[in-house]
Amino acid sequence: IEAQSSAQARKSTAPPLPTITKSTSGSTGEPLVFGYDLGSEHWRQAVKLRGWGWAGWRPAERTLFFWGSLDSLYPTEWKKKAKVALDRWLRRELYVDSNARSEADLARVVDTIRSFRPQALVCFSQAGAELDKREHEEGAHRRRCGSRRVPPLPGDDRSGDAEQHGG
């Protein structure tokens with residue numbers, strides 16, 4: 001909570017100055033706002049792309065982000081929304097809000113996955129586990145993000161389902 005109330009005090013006053021501002025989803029009750037500079041953003045993107053590449057992902061592959069959304073809390077002006085929408089379209093990325101996870105919400109996400117046919121799915125572990133359970137119940141098997149083959153874990157009750165594990 002202290003970090004949330006001290007955003008201005010934590011802001012750098014010497015170069016490189018933060019030029020990008022982001023925030024967490026606010027799952028603790030209030031989003032944590034933080035900033036960083038363009039050089040840091042370049043490194044962040046490079047590390048992400050390298051890691052995803054090691055996992056088998058390639059640029060221009062359709063990617064679905066089952067991710068939290070701040071749109072309802074912090075409405076964005078139309079120009080920024082348009083820029084973000086164009087950027088995501090060019091990258092072949094689709095973002096689906098993972099905050100709402102009722103049975104009906106998860107069913108809609110499964111339908112979205114079926115129609116969008118992503119080669120990769122990016123999500124938080126708990127949201128992904130709930131989605132995976134729903135997909136498994138519906139028989140909607142999909143390849144794991146970047147997995148060529150994910151071996152079953154000891155005691156995994158789906159260990160006989162090679163298709164489910166990307167095999």
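Hi everyone, and thanks for coming. Before we look around, some housekeeping. Because this is a predicted model, local features need pLDDT of at least 70 and side-chain atom pairs count only at pLDDT 80 or more, while totals for chains, interfaces and linings use all residues. Residues are numbered from 1 along each chain as its sequence is written, and side-chain values use heavy atoms, with hydrogens and water left out.

Let's start with the overall layout. The chain has six helices and five strands. Starting at the N terminus, the order is α-α-β-β-α-β-α-β-α-β-α. The chain has 167 residues, and 28% of them count as buried. Buried means under 20% relative accessible area, exposed means over 50%, and partly exposed is in between, using a 1.4 Å probe and protein chains only. There is also a number for contacts, where contact means heavy atoms within 4.5 Å. Take the contacts between residues at least 6 apart in sequence: 57% of them join residues at least 24 apart.

Now, the sheet. In which order do the three strands of the open sheet lie? The order is β4-β3-β5, and the pairing is parallel. The edge strands are β4, residues 93–97, and β5, since each of them pairs on one side only. Two strands pair if DSSP finds at least two bridges between them. On average, neighbouring strands of this sheet are turned by 20° against each other, direction ignored. For that angle, axes are lines fitted to C-alpha atoms, for helices over the stretch in contact, and angles run from 0 to 180 degrees between N-to-C directions.

Thr 63 has Glu 93 as its bridge partner in β4. Is β3 mostly covered or mostly open? Mostly covered: four of its five residues are buried.

On to helix α5. This helix has 14 residues and reaches 20 Å from its first C-alpha to its last, close to the 20 Å expected at 1.5 Å a residue. That expected span is 1.5 Å times one less than the number of residues. Its buried residues include Leu 106, Val 109, Val 110, Ile 113 and Phe 116. The buried residues of α5 pack against β3, β4, β5 and α6.

That brings us to the nonpolar cores. A nonpolar core is a set of buried Ala, Val, Leu, Ile, Met, Phe, Trp, Tyr and Cys residues joined through side-chain atoms within 4.5 Å. The largest one has 11 residues, among them Leu 64, Phe 66, Val 96, Leu 121 and Leu 131. β3, α5 and α6 (125–138) each give two or more residues to this core, and the largest share, five residues, comes from α5. A second, separate core has five residues, including Trp 52, Trp 57, Phe 65 and Val 122.

Finally, some loops. Where does Arg 117 sit? Arg 117 is in the loop between α5 (103–116) and β5 (120–123). Its phi is near 50°, a positive value in a residue other than glycine, and at 54% relative accessibility it counts as exposed. Ala 60 also has a positive phi, about 80°, although it is not a glycine. Ala 60 lies in the loop between α3 (38–54) and β3 (63–67) and is partly exposed, at 45% relative accessible area.

Arg 58 is found in the loop between α3 and β3 too. The side chain of Arg 58 reaches the backbone oxygen of Gly 53 at 3.0 Å. Last stop: the peptide bond from Pro 15 to Pro 16 is cis, with omega near 0°, and Pro 16 lies in the loop between α2 (7–10) and β1 (20–23).

Terms used. A polar contact is a pair of N or O atoms within 3.5 Å; within protein, one must be able to donate a hydrogen and the other to accept it, and residues adjacent in sequence count only if both atoms are side-chain atoms.
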